[in-house]
Structures are given as structure tokens and as C-alpha cells.
Amino acid sequence: MTISITPAANERMRHFLATTPGAAGVRFGVKRTGCSGFAYVVDLADSVSPEDQTLELDGVRLIVDAKSLPLVDGTVIDFQRQGLNAAFVFHNPNATGECGCGESFTIS
């Protein structure tokens, strides 16, 4: 499994982890939703299950559930600010399409 994070994403994730010292790490995955089929999920993880894959990325523990793993393998996670907006941005080589609003993606 190969997932990477940019320095900006690393900084943002470390900030979230620092505000919640009991967190097991940052959970990254997908859920079925949106107009294209899947949406990314980034959240603090309370625990790690035996089916989860765990990566240590520059001091950030990233936790990916087994169902999401084939859909996000190879993804680069970035964090970008544009004006007043700030959000994680995903560069996923598995995505074959995205909806117009950028909230969901398709895998063929």
C-alpha cells in the first residue's frame, strides 16, 4: 500500500492530533455517497481494528480500513487554502472521474 501526504497535509493532521491526544491516529478512507459514487473520509480515529492497515507517515499515524484500501492505494493527500476556504485535496490515480463539485469520485 502506498499513500503519501504533503507537508501541508502533515501539518494539518498533526494539528488535529495535538488537539485530541487520545486519538489512535488519522483515519482515511471512502464511503459510498455523492453523485459519482465515493467520497473521501478524513477523521480522527478512536481505535484501530485488526482489519485496518496502519502507516506511519512523517510522524502521522494514518489508518485505512480494508474496504477502502484498494480504492485509495497510491493517493497523495494534500491540504490547500484558497481564500477563506481550506480543505484536504486528494490526488488518486485510481479515480476515473469526479463530480463537478469535487466532493465525490468514480472508479471503473
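**Overall architecture and the setting of Leu44**

The structure is a predicted model, in which local features need pLDDT of at least 70 and side-chain atom pairs count only at pLDDT 80 or more, while totals for chains, interfaces and linings use all residues. Residues are numbered from 1 along each chain as its sequence is written, and side-chain values use heavy atoms, with hydrogens and water left out.

The protein chain contains two helices and nine strands (DSSP runs numbered from the N terminus, helices being H or I of at least four residues and strands E of at least two). From the N terminus on, these elements follow the order β-α-β-β-β-β-α-β-β-β-β.

Three strands make up an open sheet with mixed pairing, in the order E1-E6-E7; two strands pair if DSSP finds at least two bridges between them. Strand E1 (4-5) and strand E7 (85-91) are the edge strands, each pairing on one side only. E1 and strand E6 (residues 76-82) run parallel and are joined by two bridges. Within this arrangement, Ile5 stands opposite Ile77 in E6.

Leu44 lies in strand E3 (residues 37-45) and is partly exposed, with a relative accessible area of 26%. Residues up to four places away in sequence aside, Leu44 touches Phe16, Leu17, Thr20, Ala23, Gly25 and Val26, where contact means heavy atoms within 4.5 Å. The C-alpha atoms of Leu44 and Leu62 are separated by 9.4 Å, the two residues being 18 apart along the chain.

Technical notes: Buried < 20%, exposed > 50% of the residue type's maximum accessible area, 1.4 Å probe, protein only.
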